Amino acid sequence: MHITKRRTLQSGSCLANSKLAMDPRGTIPTHTSDVEPDKTSGAVGVDAAVLLLGAGMTAVTHPLLYVKLLIQVGHEPLPPTVGTTMFGRRVLYLPGFFSYAQHIVKVDGKRGLFRGLSPRMVSIAISTVIRTKVKTAELVSKKEDMQTSLRKVMKETSNEMVIQCLSRIATHPFHVLSVRCMAQFVGREVQYSGIFSGMVRIFKEEGVSGFYAGLMPHVLGEVLFLWCCNLLAHFINTYAVDDSFSQASAVRSYTKFVMGFAVSILTYPFMLVADVMAVNNCGLIAGLPPHSPIFTSWMHCWRYLSQKGLLFRGSSFFSRRVPVTSMPSIND
């Protein structure tokens, strides 16, 4: 009887081992309920860490974006100062970030530097969740050399483009709300004081289209940035960096970062037009005459800014010169 029981146990263990070996997923058994929660909790922990990191970076850099947004919509509350270039030419300089931030603190206090932060935090959270959920299906790919084929680069870029577009469509309403919250500083309005009340106001006054004001230039700018950055990095890593160079791998690892910085300068006008259109003709002083013309489309806005030489307005926080078209005489 002991022998029969022993044989039964052995056959049961063999059957379990055969099931384990036949599991199509390989090393993950179908009946180990104690393994799945560990993996799930690990993934949740990583997602939470990414969310916290994104929220922290968003909060720290918000004053920079706030000042940049006010400059983008053309609000210059402080007078320019006379300065000289390195060649001795006298020019008018607009106040930089620190002077502008001090002005905001003087008017609204230190908390005023974080106006419009709440919608941005919601936007970052939604974007992070979308990206991490979609990326998990793609991280199964093997770690390959930096020199990949052009077809692979185009395929990966296409996937990134789809993720970027989905993320932008999902988060753009919160971006519009954040921009309008910050633009209220110009006219001292309080129309967009909260996330829920702001959303209701946009829907009542503009309908669903109001949530996507400035969406087209924003998407075009991000897609153009993505393709230019990835393709330039690929061609440089493939044809410009020689494998015989001892630091070739290190150079290739920084190529995309450098290209991203360079391409972001070229695609900046799209971001500027998107933010201007998010405020334009929404009832705020920052988007109405005489502070700003009413634009019929984002192309109309682009042409206007281009004619005025303002397509890069707000791209620099320091050493900002008065545009030539609006520069008064500075003769003694």
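Me: Hi! Is phenylalanine 185 buried or exposed?
Reply: Phenylalanine 185 is buried, with a relative accessible area of 3%. Buried here means under 20% relative accessible area, exposed means over 50%, and partly exposed lies in between, using a 1.4 Å probe and protein chains only. This is a predicted model, where local features need pLDDT of at least 70, side-chain atom pairs count only at pLDDT 80 or more, and totals for chains, interfaces and linings use all residues. Residues are numbered from 1 along each chain as its sequence is written, and side-chain values use heavy atoms, with hydrogens and water left out.

Me: Thanks! How many aromatic pairs are there?
Reply: The count comes to seven. Rings of Phe, Tyr and Trp (its six-membered ring) pair if their centres lie within 6.5 Å; planes under 30 degrees apart are stacked, over 60 edge-to-face, and the rest tilted. Phenylalanine 185 pairs edge-to-face with tyrosine 66, at 6.3 Å centre to centre and 85 degrees between the planes.

Me: Which parts of the chain does that pair link?
Reply: Distant ones: tyrosine 66 sits in helix α2 (residues 36-72) and phenylalanine 185 in helix α5, 119 residues apart. Helices (H or I, at least four residues) and strands (E, at least two) are DSSP runs, numbered from the N terminus. Tyrosine 66 is buried too, with a relative accessible area of 0%.

Me: And what about phenylalanine 295 and tyrosine 304?
Reply: They form a tilted pair, 5.4 Å centre to centre with 55 degrees between the planes. Phenylalanine 295 is buried at 8%, while tyrosine 304 counts as partly exposed at 27%.

Me: Switching topic: which residues of α6 are buried?
Reply: Gly198, Met199 and Ile202. They cover an arc of only 100 degrees around the axis, which puts them on the same side of α6; the arc is taken from the directions from the helix axis to the C-beta atoms. On the other side, Phe196 and Lys204 are exposed.

Me: What do the buried ones pack against?
Reply: They pack against α5 (150-187), where contact means heavy atoms within 4.5 Å.

Me: What span should α6 have?
Reply: Its 12 residues (195-206) should span 16 Å at 1.5 Å a residue, and the end C-alpha atoms are 16 Å apart, which agrees. The expected span is 1.5 Å times one less than the number of residues. Glycine 207 follows α6, with a positive phi near 75 degrees.

Me: Last one: how many helices and strands are in the chain?
Reply: The protein chain has 10 helices and three strands. Of its 332 residues, 36% count as buried.
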